[in-house]
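I'd like to walk you through one structure, so let me put it on the screen.

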Amino acid sequence: MASTSPGYGITIRVEGSPELQPVALITATITGAGATITALDVVESLLERVVIDVTCDTIDADHAQEINLALTAHKGLTVRKVSDRTFLLHLGGKLEVQSKVPLKTRDDLSRAYTPGVARICQAIVDDPADVRRLTMKRNTVAVVTDGSAVLGLGNIGPAAALPVMEGKAALFKRFADVDAWPVCLDTQDVDEIVRTVQLIAPVYGGINLEDISAPRCFEIEERLRELLDIPVFHDDQHGTAIVVLAALTNSLKLVKKKMNEITIVMSGAGAAGTAIARLLTKSGASKIIAFDKDGCVTPGFSGKISDAIKGADVFIGVSAPNVLTEEDVAGMAKGSIVFALANPDPEIDPVIARKYAAVVATGRSDQPNQINNVLAFPGIFRGLLDANANKITDELLIAAAEAIASCVSESQLNASFIVPSVFDSQVVAKVAAAVKKSV
């Protein structure tokens, strides 16, 4: 699947002589090479030269280089500079700390810091519960990773994982006004991770585990939930499962099928796959055939995924690219549903899948029906923090999924719109309310 994306957006500064009609030449060259132009500005126009900034979305880094070479190949055009817009956005990181209180006078300092702050410390000594009322704890989440399973990049370590955790924290703030902070640990030892999170927990009102590989992530989450008096949520598991359940709930409405009557084939039995299967089972699914890289993991079935998917109603992929063939999807039941969620390249090209399936979803933002965890985790933590909750139950997760599904009205629901936009303001409010009601 080859489509342009803002994630590979570039700005190119090109110089050419006026008689070449450089604007038309540059436009034709870039669009002819398959890029999408999003902006074009003439920044300098003289008798001897015209300087143009053109911004375009490309398919990947290699495609961006192809655009550069295509422009350079024209005699009379000079590429002065190519700027990668994603790298520019990340210069200096995506987060900063700002004070919520003024610090302009000595009076301000005397209250916010010494001597006044000592009274606040003593109040917490006298009543430890006051730490939520008098500090940042009640609205703060730690985004914890060891960098062992980052996006589709694998075990890249804590430093390379930091841009993702920064992004996660920015999403918490943007969508739910939750103050989140990256905690990237330079260890992949389960005992060390658990102990470290336990030691830093007094600062936070919740722990969001992120991009930790299976099966270690299961033990880490279980042990932390036993040790801590604040909620621990592994987004790769539960966030994905919640949004998949919401999307499947609405998809089944479209194709007029019931959860307890369908056959579901899954590719991927790691953190996300396990959590999805668990939550779907809790919601009434009774026939799930799951596969990992070594084959079927469901007792009683010995065939390949191509065997299992014949006549199946639903495919859910949280695995790797190109797991399915066109013939596989063509052989599914009438009114089939395909969730190909591997990123950045799904289990099957959605264009091909849509030839046969009634509903198709991916994990990509440049395709309709994006199954995105940002629909879940901001509202979930907003509700958990507001309720001063310390436990997360399956009932809470199902309630969150139902809240997300309800954000798509009957009049809106169609094959290209099964989940709400991540920018739909009602999502966080409804999820948070459902969470508070469930705790």
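Let me begin with a single side chain: Arg 216 is buried, with a relative accessible area of 17%. Please keep in mind that this is a predicted model. Which residue does Arg 216 meet in a salt bridge? The partner is Asp 146, and the N to O distance is 2.7 Å. Arg 216 lies in helix 9, residues 216–227, while Asp 146 lies in the loop between strand 5 (140–145) and helix 7, so the pair ties together parts that are 70 residues apart in sequence. And is Asp 146 buried or exposed? Asp 146 is buried, at a relative accessible area of 1%. Buried means under 20%, so both Arg 216 and Asp 146 fall into that class.

Ser 5 is buried, with a relative accessible area of 15%. Leaving aside neighbours within four places in sequence, Ser 5 is in contact with Asp 57, Thr 58 and Asp 366.

Lys 173 pairs with Asp 179, and their closest N and O atoms are 2.8 Å apart. Lys 173 is partly exposed at 39% relative accessibility, and Asp 179 is partly exposed at 30%.

Now the second largest pocket, which has a volume of about 1,300 Å³. Which elements supply at least two residues each to the lining? They are helix 4 (106–112), helix 5 (116–126), helix 6 (130–134), helix 7 (157–176) and strand 6 (179–184). Helix 5 gives the largest share, 4 residues. By residue type, the lining divides into 18 nonpolar, 5 polar and 10 charged.

Next, the nonpolar interior. In soluble globular proteins, nonpolar side chains tend to be buried together. The largest nonpolar core here has 72 residues, and those touching the most other members are Ile 242, Leu 248, Ile 264, Leu 280 and Phe 339. Helix 10, residues 235–255, gives the most to this core, with 10 residues. To take one member, the contacts of Leu 280 beyond four places in sequence are Leu 245, Leu 248, Met 259, Ile 264, Ala 285, Ile 288 and Ile 316. A second, separate core of 20 residues includes Ala 142, Val 190, Ile 207 and Ile 212.

Last stop: Thr 325, in the loop between strand 12 (314–317) and helix 13 (326–330). Thr 325 is partly exposed, at 36% relative accessible area. Its C-alpha atom is separated by 6.7 Å from that of Ile 348, 23 residues apart along the chain.

That's my tour, and I'm happy to take questions.

Key. Residues are numbered from 1 along each chain as its sequence is written. This is a predicted model: local features need pLDDT of at least 70, side-chain atom pairs count only at pLDDT 80 or more; totals for chains, interfaces and linings use all residues. Side-chain values use heavy atoms; hydrogens and water are left out. On a 1 Å grid over the protein atoms alone, a cavity is a set of points where a 1.4 Å probe fits but cannot get out, and a pocket is an open set with protein on both sides within 12 Å along at least five of seven lines; lining residues have an atom within 4 Å of a point. Grid points are joined across faces, edges and corners, and a volume is the space filled by probe spheres set on the points. Ala, Val, Leu, Ile, Met, Phe, Trp, Tyr, Cys and Pro count as nonpolar, Asp, Glu, Lys and Arg as charged, and the others, Gly among them, as polar. Buried means under 20% relative accessible area, exposed over 50%, partly exposed in between (1.4 Å probe, protein chains only). Contact means heavy atoms within 4.5 Å. A nonpolar core is a set of buried Ala, Val, Leu, Ile, Met, Phe, Trp, Tyr and Cys residues joined through side-chain atoms within 4.5 Å. A salt bridge is a side-chain nitrogen of Lys or Arg within 4 Å of a carboxyl oxygen of Asp or Glu.
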